[in-house]
Amino acid sequence: MTSIGRRVVLFIAAGIAGAGCHGDGVATDYRRPSSLERGAVACVDPVAADVGGGVLRRGGNAVDAAVATALALAVTWPAAGNLGGGGFLLLHRASGEDVFLDFRETAPAGATETMYLDDAGRIDDHRASDGALAVGVPGSVRGLDEARRRYGTMPWRELVAPACALARDGFIVRRSLARSLANARDRLAAFPDSAAVYLHADGTPPREGDTLRLPSLASTLDTLARDGADAFYRGPLASAIVLATRRAGGCLSETDLDAYAPNWRVPVRGTYRGFHVVGAPLPSSGGTVLLETLNLLEGFDLRTWGRDDARTVHTMVEAMRLAYRDRARWLGDPDRGAAPPFDLTSKRHAEELRRGIRLDRATPSLDIAEGFDVVFEPEESHETTHLTVCDASGNVVSLTTTLNDSFGSAFVAGDTGVLLNNEMSDFDLKPGFTSTRGPIGTPPNRIAPGKRMLSSMAPTLVFGTDGREVVLALGSPGGRTIPNTVIEVIVNVVDFEMTPREAVDHGRFHHQWLPDRIVLEPHYLDEATREQLRGRGHVLRDGDGPQGDVHALARVGGRLVGVADSRIDGATAAP
Ligand code: DON
């Protein structure tokens with residue numbers, strides 16, 4: 001068996017509030033490592049993790065447990081868990097096959113390339129982020145049901161039931177939820193139906209320790225449990241969603257909902273120093289950016305330098321810069337013609353690009369902007385969630401789902417209790433406009449009816465050098481930072497032999513080509529190292545807070561253990 005890290009880590013999930021007996025009545029013993037023999041779930045929320053653990057205990061497989069956990073997160077982690085959003089599911093089957101389900105949102109038929117520009121031709125960030133016009137056609141409900149139909153074993157209604165009970169009976173608001181509700185308060189308050197669901201009558205958000213009941217969402221989940229996933233896409237519930245969005249100025253139609261279909265796709269594959277890596281294909285850039293960066297890094301002996309050495313950080317940044325440049329140039333919906341002219345994930349492409357990397361100085365991003373018409377703009381001054389599940393037979397699921405921003409568009413559709421995404425803002429909003437501040441305007445990711453917006457989500461599986469056993473299953477929220485977060489955890493494990501806990505908890509940084517700067521987690525890297533990076537020409541910024549939260553499974557001593565990120569009070573559960 002392949003193990004990662006040198007040491008066996010005794011997993012202790014710290015700071016888990018409200019753990020215990022929830023929903024379907026399954027108590028979790030957090031002191032026991034989750035093991036492959038028994039199955040395991042890792043996600044952002046202990047109540048949802050328990051739901052997945054309960055499904056495994058009742059004999060469901062990893063897909064059943066992932067679906068039930070994702071549905072429970074739509075209740076207990078409304079910042080990102082959802083019915084009204086989308087996501088990607090990567091599954092390693094016990095038979096050895098790896099499959100990928102794309103249930104990304106699509107642009108409504110009424111969408112146009114310039115729908116988010118104001119009269120002066122500037123991007124109207126507010127319209128692209130808040131309210132009904134920001135909404136893409138949701139994919140989650142059909143996506144989760146499709147995964148279950150093809151690879152699950154349990155009836156849909158049994159997987160919806162725990163989420164339904166949580167919404168109806170209520171659950172205790174944890175610290176992280178209280179914080180995200182407080183942050184989203186003003187956005188939610190702008191929409192009466194959202195305020196009615198997520199705020200008290202006086203407009204204040206629920207606090208830690210309060211019980212949150214979501215009766216309208218419970219009634220929607222009840223309909224889905226009874227009538228099946230299609231009830232979200234046609235019939236009275238679909239009509240209610242469409243009516244509410246149209247009244248609020250959106251362009252979603254009943255035809256859009258009815259026509260929505262998830263897609264099975266072939267995951268991208270590569271190797272990193274002999275480890276096999278399987279990741280997200282387009283319409284997510286996640287797997288491509290991940291593999292291109294890792295291929296570039298293979299040419300450098302990071303291990304000799306040390307993890308937090310300026311040479312290592314510099315080299316990783318230079319690799320990220322190139323991969324994100326390629327992302328901006330070539331990537332978009334593959335069903336709408338986005339196709340790089342050569343394989344960005346090939347070792348050959350990495351060899352060619354690597355020649356341009358200098359160890360002594362940063363490459364200004366504008367020096368590698370051939371083919372772009374970049375507008376110089378002076379510098380100005382999130383939410384998604386990832387879950388991983390394995391079962392006793394060896395199936396492993398890595399699933400990332402999102403509403404895009406925290407609480408998506410902040411718009412709840414009428415009395416359905418369904419919070420809708422603002423995924424439309426993942427498109428390039430102004431054709432032709434690529435700026436040093438970060439917007440991209442290249443053709444592959446421009447808005448078109450029915451098209452999928454480019455994502456950065458990166459549900460990933462890493463296999464041992466024999467390519468057979470999953471040694472790491474991971475992913476993260478964080479928008480464009482996601483591939484870098486995943487890359488850094490992989491590098492921590494492969495190059496620096498950190499234990500999974502160390503690898504997940506280690507400080508993170510991000511570079512995405514434009515803006516041309518490294519964003520560091522606050523307190524990451526000492527001043528001397530920062531100074532060495534500045535000496536090479538890098539601009540450094542402290543980020544607003546943590547970079548992502550990784551909920552992983554990692555093979556230690558022959559078993560897969562759950563590792564929830566210490567950055568947020570996530571949790572693991574076992575059957
Ligand atoms: O698909 C994407 O890449 C984004 N919509 C994800 C947004 C996200 O991760 C925000 N979370 N923190």
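Q: What does "pocket" mean here?
A: On a 1 Å grid over the protein atoms alone, a pocket is an open set of points where a 1.4 Å probe fits, with protein on both sides within 12 Å along at least five of seven lines.

Q: How big is the second largest pocket?
A: Its volume is about 160 Å³, meaning the space filled by probe spheres set on points joined across faces, edges and corners.

Q: Which residues are closest to its centre?
A: They are His92, Gly394, Arg468, Glu469 and Arg555, out of twelve lining residues (those with an atom within 4 Å of a point).

Q: And what kinds of residue make up that lining?
A: Five are nonpolar, four polar and three charged; Asp, Glu, Lys and Arg count as charged, Ala, Val, Leu, Ile, Met, Phe, Trp, Tyr, Cys and Pro as nonpolar, and the others, Gly among them, as polar.

Q: Is this model predicted or experimental?
A: The model is predicted: local features need pLDDT of at least 70, side-chain atom pairs count only at pLDDT 80 or more, and totals for chains, interfaces and linings use all residues. Residues are numbered from 1 along each chain as its sequence is written, and side-chain values use heavy atoms, leaving out hydrogens and water.

Q: New topic: is aspartate 326 buried or exposed?
A: Aspartate 326 is buried, with a relative accessible area of 3% (buried is under 20%, exposed over 50%, partly exposed in between, with a 1.4 Å probe and protein chains only).

Q: What does aspartate 326 touch?
A: Not counting residues up to four places away in sequence, aspartate 326 touches Glu292, Leu331, Leu344, His349 and Leu353, where contact means heavy atoms within 4.5 Å.

Q: How about aspartate 193, buried or partly exposed?
A: Aspartate 193 is partly exposed, at 35% relative accessible area.
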